[in-house]
Amino acid sequence: MSRFFNALRDGVGFDVLLVGAALLFLLALAGAPLLYNVLMSFQQVDMFTLGVLFRPFVGFDNYVAVVRQPEFWLVTRNTLIFVFGSMTGQFVLGFALALFFAQKFPGAATIRGLFLVSWVMPGLVVGAIWSWILAGDFGVLNVILKSLGIIQANVFWKSDPNFSIWAVIIANIWLGLAFNMLLLSVGLAAIPRDLYEAAELDGANAFQRFWTITLPMMRSTIGAVLSLGLIGTLQQFDLFPALTEGGPANTSNVAGYWSWQLSFQLYDFAKGATVSVMMFVLVLFASIVYVRSTRHEVRG
Amino acid sequence: MTRPYTPWLLLLVALALAAVYLFPLYWMYVTSLKGSSEIFANPPTFWPVAPDPGVYPAVWARRNMPVFLSNSVIIAAGVTAITVILGTGCAYVLARYRNVWIDIGLFCVLMLQVLPASVMVTPLFVGFNQVGLLSYPRTAVVLAAAAKAMPFFVVLVRATFMSVPRELEEAALVDGNSRVGAFFTIVLPLARNGILVCAILTFMSSFGEYIYSKSIIQDPNLQPASVGLSGFLGPNSTDWNSIMAYAAIYVTPILAAFVILQRRIVAGLTSGALK
């Protein structure tokens with residue numbers, strides 16, 4: 001027995017204890033629910049069977065039922081628009097800002113750090129602020145766009161079916177832009193200066209330097225940032241209840257919010273679980289890309 | 001001739017960009033100070049004509065904010081405590097060794113980091129219902145949110161532990177210290193700052209936690225401020241100066257903490273986020 005405590009205090013047992021406690025916790029509260037989710041998607045879950053573990057097995061009925069829902073393809077389309085719109089916006093604007101703040105001028109690091117406030121704010125508050133900015137009649141964005149002559153009439157961002165998903169995308173770009181910029185800045189700072197000096201001596205212009213030095217040197221950073229962007233976008237939830245609640249008529253609904261609505265507004269937990277399993281497959285794909293692009297750094 | 005002016009010109013552009021980017025924050029504060037007719041003025045006033053902070057105490061009392069905010073603090077403190085206590089040790093071990101088991105552990109942590117809360121909330125709710133945890137809804141939310149926050153914390157803190165020189169710990173072991181002693185007297189104090197920054201980040205993000213609280217906590221007296229905000233926020237809301245005042249009361253502590261600790265937070269993130 002004392003050997004056991006000695007190992008715990010002064011040997012590998014200590015490591016096993018430290019890592020084991022955390023992994024057990026994560027397995028119980030993240031691993032197990034994940035498997036339970038898959039199990040539920042093959043079961044019939046209703047108010048009578050909610051409290052038991054072994055419910056009637058229904059095979060792929062839930063999946064068939066979800067795909068047959070009239071809004072299924074609309075939600076799929078919206079999810080894709082939301083993911084690619086947000087990622088493109090966050091990445092392009094984030095990269096542009098990162099390049100700008102890589103210039104040498106007084107206060108560059110401090111001002112760049114200020115951008116990160118968007119990232120520490122609660123998602124629901126960000127949603128509330130954008131909900132007010134994007135309001136149709138009295139929203140300030142419409143006023144600004146009209147005075148710049150970009151639009152003639154008010155755009156009803158949140159209630160026009162053509163724009164509702166873009167309202168959420170705009171808010172999400174604002175939310176995620178700063179984190180993208182920060183990670184890309186780290187990548188930019190790691191590129192050796194003398195490469196640029198050598199290229200400049202050889203007569204390469206700014207565009208050529210960007211294309212032949214910056215982009216290739218940033219390849220693993222860009223891979224990680226894009227996959228983190230994909231993961232972050234799929235994780236986004238708070239903006240939907242704050243801005244559009246998926247409406248009007250599901251035109252701004254995405255998989256994550258739909259799954260929550262099925263479970264917690266319609267109490268159809270089986271379908272909610274089914275949609276989230278489908279979404280998990282998408283996340284799994286993103287995380288494999290992420291792990292692959294950061295693998296050598298993880299070991300380093 | 002133009003060379004010396006370039007940095008200052010860039011600084012001006014940078015300030016302009018920051019002003020555009022931070023405009024939503026400004027708009028939140030300005031709107032909260034406007035009267036209920038001025039918020040609907042057309043064109044909108046970019047500076048309140050008659051600034052009236054009276055909406056703050058009104059919202060504070062009418063919306064029962066002390067209860068909501070203290071619930072937020074309780075939930076965030078619980079999440080941070082669990083995450084720091086369990087996550088620090090895990091990060092230390094994952095940083096200390098390099099073998100195939102550590103790779104597997106790291107892979108698991110990275111995979112758990114990417115799970116969306118909206119995927120997890122359905123099975124967690126049904127599972128909590130079965131084991132009876134729904135009678136203690138705040139505890140249930142703390143457990144669920146800690147599992148969500150821990151992987152990110154582990155990844156960041158692991159990078160901090162990697163920067164602590166192995167030799168210091170080995171010297172302590174040679175001098176007769178036990179593993180436990182070396183961990184608590186040498187390694188932890190050296191990594192203290194990094195752990196602290198990550199703990200603050202965890203606290204900030206769980207202070208704004210919404211989806212688990214919304215789904216699991218039904219009793220308004222136990223709900224956090226995020227759920228309280230969603231209560232009077234909808235596609236048809238018009239009470240914008242109250243909403244913005246609520247939002248301002250909610251986020252100002254987070255913003256203040258962020259601005260004070262900005263340099264450390266950015267340094268902590270950049271050392272670990274890509275690793």
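Colleague: What percentage of the 275 residues of chain B count as buried?
Modeller: In chain B, 47% of the 275 residues count as buried. A residue is called buried if 20 or more other C-beta atoms lie within 10 Å of its own, exposed if 12 or fewer do, and partly exposed in between, with C-beta atoms placed from the backbone. Please note that this is a predicted model, in which local features need pLDDT of at least 70 and side-chain atom pairs count only at pLDDT 80 or more, while totals for chains, interfaces and linings use all residues. Residues are numbered from 1 along each chain as its sequence is written, and chains are lettered from A and ligands numbered from 1 in the order in which they are written.

Colleague: And what percentage of chain A is buried?
Modeller: Buried residues account for 44% of the 300 residues in chain A.

Colleague: What radius of gyration does chain A have?
Modeller: The radius of gyration of chain A is 24 Å, whereas a compact globule of 300 residues would have one near 19 Å. The radius is taken over C-alpha atoms, and the globule rule is 2.2 Å times the number of residues to the power 0.38. Along its principal axes, the C-alpha trace of chain A spans about 70 × 70 × 30 Å. For chain B, the corresponding box is roughly 75 × 75 × 30 Å.

Colleague: At what angle does H2(A) pack with H7(B)?
Modeller: H2(A) and helix H7 of chain B (residues 137-162) pack at about 120°, and their axes are 9 Å apart. H2(A) is therefore oblique to H7(B). Axes are lines fitted to C-alpha atoms, for helices over the stretch in contact, and angles run from 0 to 180 degrees between N-to-C directions. Angles under 35 degrees count as roughly parallel, over 145 as roughly antiparallel, 65 to 115 as roughly perpendicular and the rest as oblique.

Colleague: Which residues meet there?
Modeller: From H2(A), Ala22(A), Phe25(A), Leu26(A), Leu29(A) and Ala30(A) meet Leu143(B), Ala144(B), Ala147(B) and Met150(B) of H7(B). This contact has nine nonpolar, no polar and no charged residues.

Colleague: How do H14(A) and H6(B) pack?
Modeller: H14(A) packs with helix H6 of chain B (residues 117-131) at an angle of about 20°, with the axes 8 Å apart. H14(A) is therefore roughly parallel to H6(B). In H14(A), Gly256(A), Tyr257(A), Ser259(A), Trp260(A) and Ser263(A) meet Ser118(B), Val121(B) and Thr122(B) in H6(B). By class, this contact of H14(A) with H6(B) has three nonpolar, five polar and no charged residues.

Colleague: A change of topic: what is the phi of Ala249(A)?
Modeller: Ala249(A) has a positive phi of about 55°, although it is not a glycine. Most residues other than glycine have a negative phi. Ala249(A) sits in the loop between helix H13 (239-243) and helix H14 (255-264) of chain A.

Colleague: What about the phi of Asn64(B)?
Modeller: Asn64(B), a residue other than glycine, has a positive phi near 60°. Asn64(B) lies in the loop between helix H3 (55-62) and helix H4 (65-96) of chain B. With 15 other C-beta atoms within 10 Å, Asn64(B) is partly exposed.

Colleague: Lastly, where is Gly268(B), and which residues does Gly268(B) touch?
Modeller: Gly268(B) is part of helix H13 (residues 240-272) of chain B. Gly268(B) counts as buried because it has 23 C-beta neighbours inside 10 Å. Not counting residues up to four places away in sequence, Gly268(B) touches Leu156(B), Gly194(B), Val197(B) and Cys198(B).

Methods:
Helix = DSSP H or I, 4+ residues; strand = E, 2+ residues; numbered from the N terminus. Contact = placed C-beta atoms within 7 Å. Nonpolar A, V, L, I, M, F, W, Y, C, P; charged D, E, K, R; others polar.
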